[in-house]
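Please keep the sequence and the structure in view while reading.

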Amino acid sequence: MTYRTESSAESFTLYVPSTRTAAALQWYAAELERLSKWLVRIGGRKLQPWAFAQLTQGFNQLRQKLDHMRIALPASLFLSLQPPVNNKQPHPSLRPQPAQGFKTNPKIGILMGHLTNLHLALLQEIESFGVHTVFLCGEPIPPTHATIEVGPDVDKSIFELIADQWLPQVPYLGARPNTNFYTFLTNEIRKSQLDGLLVIRPVWCDHWDLELPIIKQRAGIPVSHVVLGCEPDPTSHALNRVSALIEMVKKR
Amino acid sequence: MKFLPTKQIHLEELDALYDLYLREGICFPSYCVPVGSYVEAEGDIRLPNLKFDSSPASIRLWNFLLSENRRLHTARAQGFKIVGTMKDLGTVPILAYAYPNTIAFYPDGTWWTPCVMELSDRLFCLADEHGIGPHLCPVRAMYSAFINKEHFPIPDQIICSTGAVCDDFSAISQRLFHLGYPLRWWEIPPRRPPDPDETKVELPNGTTIPKTHLDFVTHQFHMIAKWIEELHPGIHLTKPALQKSIHRANHVRRLINAIRDITFSAPVPPIPALEELIAEMLVIHFCSDPSECCEVLEALLQTVKARVEAGVTPLDPIPKVRVAVINPPADLRMMNLIEECGLLVCATDYMFTHALIEIPEDMDPFQALATVALCDPMIGHPVDRARHIAKLIKKYQIQAVIVFRIPGASHSAWEGEVIQRFFQESYGIPVLVVEVPTIIDPVEPTLKTQLEALYEIIQT
């Protein structure tokens with residue numbers, strides 16, 4: 001659960017329900033509405049339905065493009081386009097241009113919790129082995145495969161639209177039950193013809209930790225995991241594990 | 001028997017006393033046996049390391065607690081439907097007990113089994129084998145109990161709360177779902193104050209929340225009722241049936257509150273902290289038998305009243321420093337140790353203070369259940385828990401607060417620090433935060449030193 005911030009700045013905690021029942025989605029819509037009011041209160045502009053429709057259309061197109069890029073580009077390159085990446089303070093081992101994988105080389109899907117420059121550095125190292133990495137999902141990256149359809153005569157509020165169409169598409173491991181995550185994962189493995197899977201698990205995250213055996217069970221391809229976040233620079237340790245995965249994948 | 005001994009004794013002496021009570025004509029219910037027999041029969045080998053209250057009421061209390069799994073198996077054999085309720089600690093069972101031939105219990109309670117069986121149950125080892133390691137709350141023992149099926153019977157239905165719950169618990173519940181158990185989740189949102197433009201409601205504990213929270217949780221209880229109805233084709237829960245169940249739950253709550261209040265305000269404690277803890281625990285699901293639960297508590301209340309009237313206590317020496325305790329200890333022995341170090345437990349928050357609040361009987365029963373569910377100390381900020389204890393400082397003359405950290409539990413990571421800061425800044429009261437492992441023996445000298453240091457700080 002999230003604790004309220006103790007900083008003096010005004011903050012808003014958005015509650016995202018764990019379940020995906022109709023009532024929970026309705027609740028989430030109300031939370032989004034509350035967020036919009038708060039944004040207006042701190043100086044934002046009220047979102048009009050027509051503006052929302054326009055924005056959504058733009059986002060849908062952008063996400064479609066991003067989804068193509070996600071599958072085609074090495075994960076490190078794709079992720080370096082994302083907002084959480086800190087370009088001002090790059091990790092010392094980050095290269096200006098990430099190494100490219102080749103189509104004939106093994107394809108490894110990347111699942112991860114959060115994204116830091118350390119993750120990018122690790123991915124670049126993996127890609128330098130000639131591996132084609134495909135980013136699948138991670139917590140701060142919005143799902144690129146999801147779209148929101150706004151009909152011209154739709155009765156629903158924009159918040160209900162987001163809640164009903166967006167949230168159920170998010171492959172969130174912490175949802176209860178998290179069936180949607182596994183549907184997404186198996187689809188992605190098939191669609192991208194992955195040879196292996198690498199889970200970059202955030203340290204102390206119980207959700208990822210406990211789902212690992214299930215991911216391994218259901219993936220049907222070799223899976224390895226590394227933990228990032230407990231050491232200042234754990235990439236060498238992580239790379240040992242990844243090399244083992246690559247060897248296994250190559251032997252298949 | 002003219003004179004009932006009032007003392008704290010070891011298991012052997014307690015069993016001898018039980019025989020004496022029987023010879024003297026004191027009656028016990030049929031399920032009662034010498035408490036020591038659970039060591040052999042159930043493997044509860046921690047019991048010889050504990051100190052017990054000597055009263056017949058206490059013997060009955062321990063028997064009621066330790067015989068729960070047998071009771072559940074008997075109920076299953078008799079055709080009762082068993083509902084496993086998880087995490088909300090105190091509310092969903094009331095709904096389940098409103099249905100005929102239905103028993104509800106918390107499989108979460110298995111978290112104490114490795115302690116009571118001194119790890120001989122191997123529940124933690126089994127959990128480790130399944131990748132559920134010691135970095136998680138001891139509640140992971142529950143997962144293993146579902147696998148080896150050596151403890152409670154597998155429930156016909158499992159209803160678990162999610163949302164504002166511990167990550168580790170939520171992740172374990174998901175693993176149970178993967179195993180194919182009939183698990184369903186209902187959602188409890190984190191408690192927050194209402195925004196300026198939101199309609200507010202006041203909860204029975206005085207907290208104000210947005211009305212939307214109450215409406216949402218009320219809806220969740222209607223949903224849960226429908227799930228339970230699936231076990232009883234053709235039966236629809238009526239409001240009077242639920243009101244009756246609430247009424248009975250309130251009776252249990254009143255009994256426990258009376259025991260607590262008399263015990264915490266008495267100049268000398270009429271019962272030890274360990275028995276007080278066990279009595280409190282009964283509130284969450286009535287130890288699978290609401291009627292007997294009332295009898296057990298009534299007997300204990302009589303003992304408490306009689307001892308206060310006589311001015312006697314089983315504790316020798318009498319602890320002097322009055323402390324509040326937050327979180328239940330993973331090892332029951334810790335409750336004895338506190339008193340051995342001169343600390344007297346006179347306020348508690350064992351994570352289910354909401355289950356001690358009387359449920360309003362003058363409103364829609366589903367909404368009434370929702371109001372108390374939303375008082376759950378574990379769905380709010382840890383400062384809410386500190387404030388709850390702070391309200392009792394004057395009433396029970398609290399001199400210090402002890403926060404028991406539960407190893408690996410998500411909520412235990414930071415709450416101790418937050419609570420410590422709250423009491424130090426607002427009240428100048430010392431707060432001791434200690435991690436209590438499932439078996440304290442290897443660290444007992446360290447814990448003892450910490451507790452004694454707290455005692456000395458207060459005394460000087």
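How many cavities of 30 Å³ or more does a search of the whole structure find? The search finds two. The model is a predicted one, and every value below is computed from it.

**Cavities**

| Cavity | Volume | Nonpolar lining residues | Polar lining residues | Charged lining residues |
|---|---|---|---|---|
| Largest cavity | about 70 Å³ | seven | three | three |
| Second largest cavity | about 40 Å³ | seven | one | two |

Thirteen residues line the largest cavity, and those nearest its centre are B:D88, B:S161, B:I188, B:D376 and B:I379. The lining of the second largest cavity includes B:T263, B:F264, B:E339, B:L344 and B:V345. Helix 11 (239–265), helix 12 and strand 10 of chain B each give at least two residues to the lining of this second cavity.

**The second largest pocket**

The second largest pocket has a volume of about 990 Å³. Its lining is made up of 46 residues, and B:G109, B:T110, B:W111, B:W112 and B:T113 are the closest to its centre. Among the elements of chain B that supply two or more lining residues are helix 3 (56–66), helix 9 (167–178) and helix 12 (273–281). Helix 4 of chain B makes the largest contribution, with five residues. By class, the lining comprises 28 nonpolar, nine polar and nine charged residues.

**The sheet and its helix**

In chain B, four strands form an open sheet with parallel pairing, in the order 10-9-11-12. Strand 10 (343–349) and strand 12 (431–435) of chain B each have a single partner strand, so one side of each has no neighbour in the sheet. On average, neighbouring strands of this sheet are turned by 30° against each other, direction ignored.

Strand 9 (residues 321–326) and strand 10 of chain B run parallel and are joined by six bridges. B:V323 stands opposite B:V345 of strand 10; B:V345 also belongs to the lining of the second largest cavity. Helix 19 (residues 444–459) of chain B lies across strands 9, 10, 11 and 12 of chain B, and runs at about 175° to strand 12.

**A serine in helix 8**

Is B:S144 buried or exposed? Residue B:S144 lies in helix 8 (residues 140–148) of chain B. Its relative accessible area is 0%, under the 20% limit, and therefore B:S144 counts as buried. Leaving aside residues up to four places away in sequence, B:S144 touches B:L123, B:L126, B:A127 and B:K149. B:S144 and B:L126 are 18 residues apart in sequence, while their C-alpha atoms are 5.8 Å apart in space.

Conventions: Residues are numbered from 1 along each chain as its sequence is written. Chains are lettered from A and ligands numbered from 1 in the order in which they are written. This is a predicted model: local features need pLDDT of at least 70, side-chain atom pairs count only at pLDDT 80 or more; totals for chains, interfaces and linings use all residues. Side-chain values use heavy atoms; hydrogens and water are left out. On a 1 Å grid over the protein atoms alone, a cavity is a set of points where a 1.4 Å probe fits but cannot get out, and a pocket is an open set with protein on both sides within 12 Å along at least five of seven lines; lining residues have an atom within 4 Å of a point. Grid points are joined across faces, edges and corners, and a volume is the space filled by probe spheres set on the points. Ala, Val, Leu, Ile, Met, Phe, Trp, Tyr, Cys and Pro count as nonpolar, Asp, Glu, Lys and Arg as charged, and the others, Gly among them, as polar. Two strands pair if DSSP finds at least two bridges between them. Axes are lines fitted to C-alpha atoms, for helices over the stretch in contact, and angles run from 0 to 180 degrees between N-to-C directions. Contact means heavy atoms within 4.5 Å. Buried means under 20% relative accessible area, exposed over 50%, partly exposed in between (1.4 Å probe, protein chains only).
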